[in-house]
Amino acid sequence: MSVEIRTEGMHDIIDANATLEKVAGGFLFTEGPIWHPVEKHLTFSDIPGNEMF
């Protein structure tokens, strides 16, 4: 998987040697995501699948 950086400011917050990891798949269409800093989990929804993860 490759990443295209289109805004130079991203280099200020993303390490140039960072790698991507796919953690899940098989969703129809996802929206969100949001990281919950206190409970330390990612929340997102699959609208057509009518599910929240």
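With which side chain does the side chain of Glu39 make a polar contact? The partner is the side chain of His41, at 3.0 Å. A polar contact here is a pair of N or O atoms within 3.5 Å; within protein, one must be able to donate a hydrogen and the other to accept it, and residues adjacent in sequence count only if both atoms are side-chain atoms.

Before we go on, a word about the model. This is a predicted model, in which local features need pLDDT of at least 70 and side-chain atom pairs count only at pLDDT 80 or more, while totals for chains, interfaces and linings use all residues. Residues are numbered from 1 along each chain as its sequence is written, and side-chain values use heavy atoms, with hydrogens and water left out.

Let us stay with Glu39 for a moment. Glu39 sits in the loop between S1 and S2. These labels belong to strands; helices (H or I, at least four residues) and strands (E, at least two) are DSSP runs, numbered from the N terminus. Glu39 has a relative accessible area of 55%, so it is exposed. That word has a cut-off: buried means under 20% relative accessible area, exposed over 50%, and partly exposed in between (1.4 Å probe, protein chains only).

Lys40 is found in that loop too, between strand S1 (30–36) and strand S2 (41–46). Its relative accessibility is 60%, so Lys40 counts as exposed. Look at its backbone as well: Lys40 is not a glycine, yet it has a positive phi of about 55 degrees.

Now for the strands on either side. S1 and S2 form a hairpin, with 4 residues between them. The two strands run antiparallel and are joined by 5 bridges; strands pair if DSSP finds at least two bridges between them. Across this pairing, Trp35 stands opposite Leu42 in S2. How many of the 7 residues of S1 are buried? The count is 0, and S1 is hardly covered.

Strand S2 gives us a residue with another setting. Ser45 lies in S2, and it is buried because its relative accessible area is 15%. Leaving aside neighbours within four places in sequence, Ser45 is in contact with Phe29, Thr30, Glu31, Glu51 and Met52. Contact means heavy atoms within 4.5 Å.

Next, follow the chain out of S2. Pro48 is found in the loop between S2 and S3, and with 52% relative accessibility Pro48 counts as exposed. Not counting residues up to four places away in sequence, Pro48 touches Leu28 and Phe29. Pro48 and Phe27 are 21 residues apart in sequence, and their C-alpha atoms are 8.8 Å apart in space. Asn50 is found in the loop between S2 and strand S3 (51–52). Its phi is near 55 degrees, a positive value in a residue other than glycine. Asn50 has a relative accessible area of 71%, so it is exposed.

The aromatic rings come next. A pair of aromatic rings is described by the distance of the centres and the angle of the planes. Rings of Phe, Tyr and Trp (its six-membered ring) pair if their centres lie within 6.5 Å; planes under 30 degrees apart count as stacked, over 60 as edge-to-face and the rest as tilted. The structure holds 3 aromatic pairs. One of them joins Phe27 and Phe53 edge-to-face, at 5.1 Å centre to centre with 65 degrees between the planes. Why does this pair tie together parts that are 26 residues apart in sequence? Phe27 lies in the segment before S1, whereas Phe53 lies in the segment after S3. Phe27 is partly exposed because its relative accessibility is 28%, and Phe53 is partly exposed because its relative accessible area is 38%.

Phe44 and Phe53 form an aromatic pair that is stacked, with 5.4 Å from centre to centre and 25 degrees between the planes. Phe44 has 15% relative accessibility, so it counts as buried. Ring pairs link Phe27, Phe44 and Phe53 into a cluster.

Finally, look at charge. Side chains of opposite charge can pair when their charged atoms come close. The structure holds 1 salt bridge, meaning a side-chain nitrogen of Lys or Arg within 4 Å of a carboxyl oxygen of Asp or Glu. Glu4 forms a salt bridge with Arg6, and their closest N and O atoms are 3.4 Å apart. Glu4 is exposed, with a relative accessible area of 60%, and Arg6 counts as exposed at 71% relative accessibility.
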